[in-house]
Amino acid sequence: AAADALQTNLGLDDVTLRKKVLLRLPQALGLRYDLDVAPTFDLLRNDYDFADDDIRALVLGAPQILGLDASAVSSKFAALEASLGSREAARAEALRKPAALELEVRGSKRGSVAA
C-alpha cells in the first residue's frame, strides 16, 4: 500500500520506485503513507515551498527522508539553514545535494561503534 501511494504521489514508474527507493530503503515498504510520509511531504510543501517535483528529487536523492518524521526533517533543514545563512540557500543546497541534510535512516544507530 505504501509503495503504491509513493508511486502515485511522486509520479514514479515501477523501475524507478524499485531501484531508487525500495532497494535503497526497503523499510519504505512498511511505512504508512498517511501517517509516516504525508506529514513530511506537507512540511516540505508548506514550510519550505518545495514543489512536487522538488520532493520527488529529494526522495530519489535521499530516500531515507521517507522514514523520518516531519520534526526530524525540520530540524535537519533548520541546521542546514543555520549553516548556510538562509532558508532559500538551505532549500537550494538540499535540492542540489540531498546528502547535505545528513538524514539518518530510521532505526539506525548513528555513532555506535562496531565490536
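Where is D49 found? Select it and look to either side: D49 lies in the loop that joins helix 3 (33-48) to helix 4 (52-61). Helices here are DSSP runs of H or I, at least four residues, numbered from the N terminus.

Before going on, some ground rules. You are looking at a predicted model, where local features need pLDDT of at least 70, side-chain atom pairs count only at pLDDT 80 or more, and totals for chains, interfaces and linings use all residues. Residues are numbered from 1 along each chain as its sequence is written, and side-chain values use heavy atoms, with hydrogens and water left out.

**Stay on D49.** Its phi is near 60°, a positive value in a residue other than glycine. Is D49 buried or exposed? D49 counts as exposed because its relative accessibility is 58%; the cut-offs are over 50% for exposed, under 20% for buried and partly exposed in between (relative accessible area, 1.4 Å probe, protein chains only).

**Now select 2-10.** This is helix 1, and its buried residues are A2, A3, A5, L6, Q7 and L10. They pack against helix 2 (14-22), helix 3 and helix 4; a contact means heavy atoms within 4.5 Å.

**Jump to 70-84.** Helix 5 has 15 residues and spans 21 Å from its first C-alpha to its last, close to the 21 Å expected at 1.5 Å a residue. That expected span is 1.5 Å times one less than the number of residues. Colour A70, V73, F77 and L80, which are buried. Then look down the axis of helix 5: its buried residues fall within an arc of 90°, so they line one face of the helix. The arc is taken from the directions from the helix axis to the C-beta atoms. An α-helix has 3.6 residues a turn, so residues three or four places apart point the same way.

What does the buried side of helix 5 pack against? The neighbours are helix 3, helix 4 and helix 6. Turn the view around, and the face away from the buried side carries the exposed residues S71, A82 and S83. After helix 5 comes G85, with a positive phi near 95°.

**Last stops.** E102 sits in the segment after helix 6 (87-96), and its phi is also positive, near 50°, in a residue other than glycine. Finally, colour by pLDDT, the predictor's confidence in each residue from 0 to 100. The chain averages 89, and 91% of the residues score at least 70. Over residues 108-115, though, pLDDT is below 50, and this stretch has 3 contacts in the model beyond near neighbours in sequence. Where pLDDT is low, the predicted coordinates should not be read in detail.

Technical notes. Helices (H or I, at least four residues) and strands (E, at least two) are DSSP runs, numbered from the N terminus.
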